[in-house]
Amino acid sequence: WYKLARRDKIRYKKEMATYEPPVDSSSGCRLLLMGRFFPFDSEGIPFADTTLIIKEAQNSSHIGEDGGTGLNVWDGAQLLLRYIEKVPNIVKNKRVIELGSGCGIVGVAAAICGCKEVIMTDLAYALPLMRENVDINRVAWKDTDVVVSCKECDWFQPPPVDELLGHYDSKADVLLVADCVWLSSLIAPL
């Protein structure tokens with residue numbers, strides 16, 4: 001994986017030298033990601049002595065304002081996944097909230113690495129696939145007491161913090177975010 005990442009980094013530098021970000025035709029906003037560079041295997045990803053199984057779905061311009069990109073695993077999520085694997089203490093025994101969880105790969109990784117709780121959030125269209133990926137990977141969690149929830153959170157109309165984090169404790173120890181500002185209009189509300 002790391003050899004492929006190194007090779008892709010060289011390819012990325014060459015492509016970025018002449019890259020002009022495209023403009024989304026429906027919103028007129030600049031798209032800040034070119035696409036996926038790192039390999040992704042939906043059959044399974046080796047992670048922390050187990051295998052993550054993460055399903056994706058075809059994104060479509062008809063799904064939400066973001067074109068349904070929450071239905072795919074993107075490079076930033078894969079890099080954050082590897083960081084959590086190398087430094088699991090960042091989430092171990094902590095309450096984690098992830099913004100823009102998409103398919104749920106990062107939140108599932110946090111659960112596998114022993115967080116106390118992970119609250120995964122995204123737009124409503126992404127929640128069914130996210131929940132499915134949580135259920136598929138539940139057997140890989142070392143601590144069966146990990147609390148995992150998948151909640152809707154629209155940054156343009158965010159729910160109250162108490163509602164998002166739960167009424168008993170409105171504080172998170174760790175905030176995780178990966179690949180959430182690919183569309184320039186998403187930067188300000190985040």
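Predicted model: local features only at pLDDT ≥ 70, side-chain atom pairs only at ≥ 80, totals over all residues.
**View 1. Cysteine 153 and cysteine 103 are both buried.** Cysteine 153 has a relative accessibility of 6%, so it counts as buried (under 20% relative accessible area, with exposed meaning over 50% and partly exposed in between, using a 1.4 Å probe and protein chains only). Cysteine 103 is buried too, at 2% relative accessible area. Residues are numbered from 1 along each chain as its sequence is written, and side-chain values use heavy atoms, with hydrogens and water left out.

**View 2. The protein has five helices and six strands.** Here, helices (H or I, at least four residues) and strands (E, at least two) are DSSP runs, numbered from the N terminus. Starting at the N terminus, the order of elements is α-β-β-α-β-α-β-α-β-α-β. The protein has 190 residues, and 44% of them count as buried. Now take contacts (heavy atoms within 4.5 Å): among those between residues at least 6 apart in sequence, 66% join residues at least 24 apart.

**View 3. Strand 4 (117–122) is largely enclosed.** Why do we call it that? Because six of the six residues of strand 4 are buried. Glu117, Ile119 and Thr121 point one way, while Val118, Met120 and Asp122 point the other way. Strand 4 pairs with strand 5 (two strands pair if DSSP finds at least two bridges between them). Six bridges join these parallel strands, and in one of the bridges methionine 120 has cysteine 150 of strand 5 as its partner. To get from strand 4 to strand 5, the chain passes through helix 4, making a right-handed β-α-β crossover. Right-handed means that, with the strands pointing away from the viewer, the path from the first strand over the helix to the second runs clockwise.

**View 4. Strand 3 (residues 95–99) is mostly covered, with five of its five residues buried.** Arg95, Ile97 and Leu99 sit on one side, Val96 and Glu98 on the other, and all are buried. Strand 3 runs parallel to strand 4 over four bridges, and isoleucine 97 stands opposite isoleucine 119. The chain gets from strand 3 to strand 4 by way of helix 3, in another right-handed β-α-β crossover. Strand 3 also runs parallel to strand 6, joined by four bridges; there, leucine 99 stands opposite valine 177.

**View 5. The largest nonpolar core has 38 residues.** A nonpolar core is a set of buried Ala, Val, Leu, Ile, Met, Phe, Trp, Tyr and Cys residues joined through side-chain atoms within 4.5 Å. Which residues touch the most other members? They are Phe47, Leu52, Ile105, Ile112, Trp141 and Val148. Helix 3 gives the largest share, seven residues. Apart from this core lies another, of eight residues, with Ile97, Ile119, Cys153 and Trp155 among them. In soluble globular proteins, nonpolar side chains tend to be buried together. Zoom in on isoleucine 112 and, leaving aside neighbours within four places in sequence, you'll find it in contact with Phe47, Ala48, Thr50, Leu52, Ala140, Trp141 and Lys142.

**View 6. Serine 101 and asparagine 72 both lie in loops.** Serine 101 lies between strand 3 and helix 3 and counts as buried at 6% relative accessibility. Leaving aside neighbours within four places in sequence, serine 101 is in contact with Met120, Thr121, Asp122 and Met130. Asparagine 72 is found between strand 2 (50–52) and helix 2 (75–86), and is buried, with a relative accessible area of 15%. A polar atom of the asparagine 72 side chain lies 3.3 Å from the backbone oxygen of alanine 57.

Key. Polar contact = N/O pair within 3.5 Å; in protein donor to acceptor, adjacent residues only side chain to side chain.
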